[in-house]
Amino acid sequence: MKPFVRVEDRHAFDTIIDARSPAEFEIDHIPGAINCPVLDNEERRIVGTLYKQAGAFEARRVGGAMVAANLARHLRERFADRPQDWRPLVYCWRGGLRSGAMTTWMRMVGWDAQQLAGGYKSWRRHVIAALEALAPQLPLVVICGATGSGKTRVLQALAAHGEQVVDIERLARHKGSLLGALPGVPQPSQTAFETTLADAIESIDLSRPLFVEGESARIGQLNLPVPMVARMRDSLCLEIEVPMPARLAFLLRDYAYLGDRPEWLAEQLGRLKALHGKTTIDAWQTMARARNLPDLFAELATRHYDPSYARSQRKHFHRWDDRMTITADSLSAEGIDALACSIADRVRARWPG
C-alpha cells in the first residue's frame, strides 16, 4: 500500500480532503475537495508567529494541541457517518505535517486514508502542466461577434444541445468588458481560475469541436493563460452578425441590473475619458446617472465597442479572413436556440471526419 498518492490518481478516492486553513482553501483548491482544516486561520497565524519568535518546538507543542482538538471535532462531526470502507485522500500545502496528522489518525480509526504527494503544490504544478500540454491541442471554434450579439447565451444553448463548450467568462465570473463585473460576485483568484480552466479542458474529446467565446488576454482582473490565448488566436472563428436594434434590445435585457448601479456605472465610464474626451464622457455619465440605458448603450455600441471590435478581431485572430459567418435577426430565447442549432450544423459540416 503506497503511503503517498500522485495527483493523477486522485479520482480513485471517495473524498478529497483539504486540511489547510479556510483562507488557503478559498484562494484555490483541488476541484471537489472539502475543507476540513487542522488549523483555522487564526490558529495558523498563532503557530506561525510562535515559530518565528519561540522556535519550532514551541510552535509544534502549541500547534499540536490545536491540531488534536480540530481532528477530534472532525471525527465527531464531519466524518461521523463515514463507513469502514471509506477511502479519503488528504492534502495540505506541501503534503507535510497537517495532512500527515490527519492521515495518521484516519488510518488508526481503520479507514484507508492516503496522503497526496507534494500537497497543493503538486496540484499547482499539475494545473500549469495541463494547460501547457492540452491547450495547444484543443479543437477550438471561437465564437465572435460585436457587443450584444448574445455570444454567451449561444454558448449555453450549444451546451444544452450536447456540444462541447467551455464558458471562460463563467469561470472568470466576469462578462469580459469594461462593464462586465457582476454585482456582488467577486472574481476568483488567478490560481483558482486556472484550476477551473484546467479541470474543464482535461475531459475534452479532442476529436469533436470545442466552442469558446473570443476573449481578450485579460478578463476583468484575471489573465487568460498564455497557452490558451495562443491557441484561441490560431483557431477557427465563427462570427455572429446581428442587426443593431436586436443587439440593443438584448443588451438592455442582459445588463438591466446596471440601471440599479448608476454611480458605479458612471465611475466605470470615467475610465474611457482618455479615449473619448471629457465632453463625451460627461454626457455618458449624465445618461448613466439618469438611468437612461437605451441611449447610453446605443452610444457605447456605436462609438466605443463597435470600432474597437472591428480593429481587434483582425489583429488578434490569425484566421479571421477565413472565418465562418452566421446571421440572426432575433436574440430572443427561441432565436438564440435556433442560432445555436445553425452554428452546430455549420461547424459539423465543415469539421474534418
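Domain bounds here come from an automatic or database domain assignment. For this protein the assignment gives domain 1 (7-127) and domain 2 (138-350). Taken over C-alpha atoms, the centres of domain 1 and domain 2 are separated by 40 Å. The model is predicted, so local features need pLDDT of at least 70 and side-chain atom pairs count only at pLDDT 80 or more, while totals for chains, interfaces and linings use all residues. Residues are numbered from 1 along each chain as its sequence is written, and side-chain values use heavy atoms, with hydrogens and water left out.

The two domains touch. Contact means heavy atoms within 4.5 Å. Ten residues of domain 1 are in contact with eight residues of domain 2.

The interior was examined next. A nonpolar core is a set of buried Ala, Val, Leu, Ile, Met, Phe, Trp, Tyr and Cys residues joined through side-chain atoms within 4.5 Å. Buried means under 20% relative accessible area, exposed means over 50%, and partly exposed lies in between (1.4 Å probe, protein chains only). The largest nonpolar core has 42 residues. Val-166 and Ile-168 have the most contacts inside this core. Helices (H or I, at least four residues) and strands (E, at least two) are DSSP runs, numbered from the N terminus. Elements giving two or more residues to this core include strand E4 (88-91), helix H5 (119-134), strand E6 (140-145) and helix H8 (190-202). The largest share, five residues, comes from H5. Domain 1 and domain 2 each supply at least three residues to this core. Ile-168 touches Phe-193, Val-212, Glu-215, Ile-219, Leu-224, Met-228 and Met-232, not counting residues up to four places away in sequence. Another core, of 23 residues, lies apart from the largest one. Among its members are Leu-158, Leu-238, Ile-326 and Ala-344.

Helix H11 (residues 262-269) is mostly covered. Six of its eight residues are buried: Pro-262, Trp-264, Leu-265, Ala-266, Gln-268 and Leu-269. What covers them includes helix H12 (273-289) and helix H13 (293-316). Thr-286 lies in helix H12. This residue is exposed, with a relative accessible area of 52%. Thr-286 and Cys-36 are 250 residues apart in sequence and 50 Å apart in space, C-alpha to C-alpha.

On a 1 Å grid over the protein atoms alone, a cavity is a set of points where a 1.4 Å probe fits but cannot get out; a pocket is an open set with protein on both sides within 12 Å along at least five of seven lines; lining residues have an atom within 4 Å of a point. Grid points are joined across faces, edges and corners, and a volume is the space filled by probe spheres set on the points.

The second largest pocket has a volume of about 750 Å³. Its lining holds 21 residues, and Leu-39, Val-47, Arg-94, Leu-97 and Arg-98 lie nearest its centre. Helix H3 gives the largest share of this lining, seven residues. Twelve of the lining residues are nonpolar, four polar and five charged.

One cavity of 30 Å³ or more was counted. The largest cavity has a volume of about 100 Å³. It is lined by Thr-147, Ser-177, Leu-179, Leu-251, Tyr-255, Phe-297, Leu-300, Ala-301 and Tyr-305. H13 gives the largest share of this lining, four residues. The lining has seven nonpolar, two polar and no charged residues. In these counts Ala, Val, Leu, Ile, Met, Phe, Trp, Tyr, Cys and Pro are nonpolar, Asp, Glu, Lys and Arg are charged, and the others, Gly among them, are polar.
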